Amino acid sequence: MGTYEKITPPDTGERITFSNGEPNVPDNPIIPFIRGDGTGVDIWPAAEKVFDAAVAAAYGGKRKISWFKVYAGDEACEKYGTYQYLPQDTLEAIKEYGIAIKGPLTTPIGGGIRSLNVALRQIFDLYACIRPCRYYAGTPSPHKNPEKLDVIVYRENTEDIYLGIEWRQGSEIADKLIHLLNNDLIPATPEHGNKQIPLDAGIGIKPISKTGSQRLVRRAMKHALRLPPNKQMVTLVHKGNIMKYTEGAFRDWGYELATTEFRAECVTERESWILSNKERHPDISLEDNARQIDPGYDNLTAEKKAQICGEVESVLNAIWSTHGNGQWKNKVMVNDRIADSIFQQIQTRPDEYSILATMNLNGDYLSDAAAAIVGGLGMGPGANIGDECAVFEATHGTAPKHAGLDRINPGSVILSGVMMLEFMGWQDAADLIKKGIGGAIANREVTYDLARLMTPPVEPPLKCSEFALAVIKHFHS
């Protein structure tokens with residue numbers, strides 16, 4: 001057991017441990033929680049009440065969570081002192097007990113920690129940010145058919161520009177880097193031509209690694225295999241047409257991982273075209289198959305034509321026996337889409353997608369956009385998962401002007417708890433909460449954020465604490 005300065009673990013309960021990236025969960029786990037700043041004072045008690053009721057209802061006392069209060073954000077500063085936004089006690093508790101859940105946290109103003117959320121992800125190497133976006137009937141939405149969207153965003157959490165390696169314009173290091181790049185490195189790379197970085201620029205670094213990319217895609221693939229057959233798809237989202245050696249590499253490494261570690265369980269979109277062409281026309285030539293998958297084939301150079309024909313031949317030789325004759329239709333489909341294209345496709349063709357695997361910045365935008373379609377961040381859960389730790393979190397801000405008024409929607413942190421329970425393998429409890437939330441919303445028992453958007457508006461809306469009770473009431477309705 002760890003030694004703590006100002007907090008004390010519960011007297012009862014056991015640690016959650018990890019093996020091969022998966023949790024080993026006892027029947028009475030100790031789970032640290034961070035109440036959160038601002039409206040965390042309202043939403044956490046409501047959420048905790050729902051979690052405890054669901055576990056009790058699902059397992060009849062055979063399982064129970066022992067909650068361990070730890071501190072971060074403004075509340076931590078009150079207990080540990082000024083600027084102690086992320087005390088060592090909290091880090092030790094999360095490390096020791098493996099799984100934690102948190103409300104929204106204030107971003108500190110000024111120097112030091114840029115973001116407490118980002119800091120936690122980097123400290124514990126929580127490389128996969130997972131954001132499911134699904135619709136609960138009755139939730140007001142700006143879209144005509146929000147029920148068509150049911151996606152899970154797998155966002156790489158530790159790399160890209162969120163790594164935070166940047167230098168201020170005019171700083172000594174920024175000036176040195178610009179000079180080095182302009183005078184030595186850019187001219188030495190012919191593909192960059194005569195490009196030059198403005199002398200008054202700030203500089204940021206965008207690292208994308210093969211290791212970081214592939215471990216994210218690995219988790220996304222494992223998740224896809226647990227989904228119903230019609231939802232087994234992983235889409236690699238990138239801007240590789242412009243950033244070829246970072247975002248383009250993410251796409252290539254994603255395909256490489258899928259077609260090596262999961263070769264028997266997956267097919268790429270392009271492979272499916274090759275296989276289906278042969279299924280429709282068993283005697284099709286390599287050239288005609290290549291012409292089908294690349295409509296501009298006849299205008300290509302001889303070298304490029306040979307390359308595509310070689311691709312067709314390689315696919316047929318490698319996987320026809322295991323994936324041909326329609327077998328590929330029962331495997332995980334792996335495809336890729338350009339980032340700007342996927343933003344409009346989740347609105348115009350949402351039911352064509354399931355799991356979206358993407359880098360950090362694209363995933364930040366995309367997960368919020370998807371959440372907006374199904375009702376907003378108030379209904380958007382989030383998880384940050386690594387191989388030895390997991391932190392589940394509300395995805396919205398602290399909304400301090402509403403703190404203490406018992407009016408904010410606790411849906412985000414409640415649904416984050418659903419993700420936590422599913423990760424723990426406590427699916428029955430998770431299903432009860434999802435049923436309860438669905439029942440409450442369908443019955444127009446909602447907090448003010450949803451109530452004012454319903455037709456007609458709900459008057460009076462439920463308080464935050466009342467919504468929790470409504471969710472519990474609908475567990476068995």
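1. Where is Ser-115 found? Ser-115 sits in the loop between strand 5 (99-102) and helix 4 (116-123). Helices (H or I, at least four residues) and strands (E, at least two) are DSSP runs, numbered from the N terminus. At 17% relative accessibility, Ser-115 counts as buried. Buried means under 20% relative accessible area, exposed over 50%, and partly exposed in between (1.4 Å probe, protein chains only).

2. A word on the model. It is predicted: local features need pLDDT of at least 70, side-chain atom pairs count only at pLDDT 80 or more, and totals for chains, interfaces and linings use all residues. Residues are numbered from 1 along each chain as its sequence is written, and side-chain values use heavy atoms, with hydrogens and water left out.

3. Ser-115 belongs to an annotated set. UniProt, in an unreviewed entry, places the feature "binding site" at Ser-115, Asn-117, Arg-121, Arg-131 and Arg-155. UniProt positions are given in the numbering used here, feature names are shortened, and annotations may be inferred rather than shown by experiment.

4. Arg-131 from that set lies in strand 6 (128-134). At 5% relative accessibility, Arg-131 counts as buried. Not counting residues up to four places away in sequence, Arg-131 touches Val-151, Ile-152, Val-153, Ser-367, Asp-368, Ala-371, Leu-377, Pro-381, Gly-382 and Thr-395. Contact means heavy atoms within 4.5 Å.

5. The unreviewed UniProt entry also places the feature "binding site" at Thr-106, Asn-409, Tyr-448 and Arg-452. These positions are spread over 347 residues of sequence, and also in space, up to 26.6 Å between C-alpha atoms.

6. Two of these positions can be described further. Thr-106 is in the loop between strand 5 and helix 4. At 23% relative accessibility, Thr-106 counts as partly exposed. Its contacts, not counting residues up to four places away in sequence, are Asp-37, Asp-74, Leu-116 and Thr-398. Asn-409 is in the loop between strand 15 (390-394) and helix 13. Asn-409 is buried, with a relative accessible area of 4%. Among the residues that Asn-409 touches, not counting those up to four places away in sequence, are Ile-43, His-396, Asp-449 and Phe-467.

7. Now the pockets. On a 1 Å grid over the protein atoms alone, a cavity is a set of points where a 1.4 Å probe fits but cannot get out; a pocket is an open set with protein on both sides within 12 Å along at least five of seven lines, and lining residues have an atom within 4 Å of a point. Grid points are joined across faces, edges and corners, and a volume is the space filled by probe spheres set on the points.

8. The largest pocket is lined by 33 residues, and Pro-132, Ile-152, His-223, Arg-226 and Glu-422 lie nearest its centre. Elements giving two or more residues to this lining include strand 6, strand 7 (150-156) and helix 14 (427-442). Helix 13 gives the largest share, 5 residues. By class, the lining has 20 nonpolar, 4 polar and 9 charged residues. Ala, Val, Leu, Ile, Met, Phe, Trp, Tyr, Cys and Pro count as nonpolar, Asp, Glu, Lys and Arg as charged, and the others, Gly among them, as polar.

9. The second largest pocket has a volume of about 680 Å³. Of its 17 lining residues, His-192, Lys-195, Met-243, Tyr-245 and Thr-246 are the closest to its centre. The lining has 8 nonpolar, 5 polar and 4 charged residues.
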